[in-house]
Amino acid sequence: MQGSLWRPAYVGVGSNLDDPAAQVERAFAALAAIRETRLVLRSALYATAPFGPVAQPDFINAVAGLLTLLSPESLLDDLRAIEAAQGRVRSGERWGPRRIDLDLLTVGGETRRTPDLTLPHPGIPQRNFVLYPLSEIAPDLVVPGVGTVRNLKERVPVTGIRRLGP
């Protein structure tokens with residue numbers, strides 16, 4: 001056991017290749033199987049326009065809420081292992097198409113800035129494809145140094161995002 005306290009962690013999940021909705025569901029199942037971690041919340045799926053300059057298909061995005069005993073670094077290692085198991089190839093192309101993308105958004109109230117990990121994830125305040133699903137499961141979450149998810153969501157456009165299902 002790495003820690004003695006269960007801490008909340010939130011993970012952004014996205015895909016736009018090879019049946020994206022199935023890829024996101026497969027990632028949720030893998031997240032539920034991480035050692036010393038419990039999947040306790042999951043948002044609906046959202047269809048979203050791609051972010052960045054690369055022409056590509058729309059994404060399916062969601063957010064998972066976890067409780068974990070793992071350190072942020074160990075949890076990130078497990079997220080990368082899930083991506084690799086689902087066939088993610090890191091081509092170096094930023095914002096390009098991908099089979100699966102798992103972003104560690106927050107872990108408790110921790111902040112980190114290392115070459116491998118920045119917490120909270122620096123893209124949270126600008127990304128509606130993170131904030132809309134995150135606000136569904138944790139609207140009052142305080143993103144350290146940034147504000148509450150509810151307030152951040154009010155500042156991003158609703159364009160290019162559509163909630164799927166009930």
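Me: How many salt bridges does a search of the whole structure find?

Reply: A salt bridge is a side-chain nitrogen of Lys or Arg within 4 Å of a carboxyl oxygen of Asp or Glu. Here the search finds nine. This is a predicted model, where local features need pLDDT of at least 70 and side-chain atom pairs 80 or more, while totals for chains, interfaces and linings use all residues. Residues are numbered from 1 along each chain as its sequence is written, and side-chain values use heavy atoms, without hydrogens and water.

Me: Which residue forms a salt bridge with Arg7?

Reply: Glu110 does, with the closest N and O atoms 1.9 Å apart. Glu110 sits in the loop between E5 and strand E6 and Arg7 in strand E1, so the pair ties together parts 103 residues apart in sequence. Helices (H or I, at least four residues) and strands (E, at least two) are DSSP runs, numbered from the N terminus. Glu110 also bridges to Arg112, at 2.4 Å between the closest N and O atoms.

Me: In which sense do E1 and E4 pair?

Reply: Two strands pair if DSSP finds at least two bridges between them. E1 and E4 are antiparallel over nine bridges, with Pro8 opposite Leu67. E1 also pairs with E5 in the antiparallel sense, over six bridges, and Gly14 stands opposite Asp101.

Me: How many residues of E1 are buried?

Reply: Buried means under 20% relative accessible area, exposed over 50%, partly exposed in between (1.4 Å probe, protein chains only). Eight of the nine residues of E1 are buried, so the strand is largely enclosed by the rest of the structure. In helix H3, nine of ten residues are buried, among them Phe129 and Tyr132.
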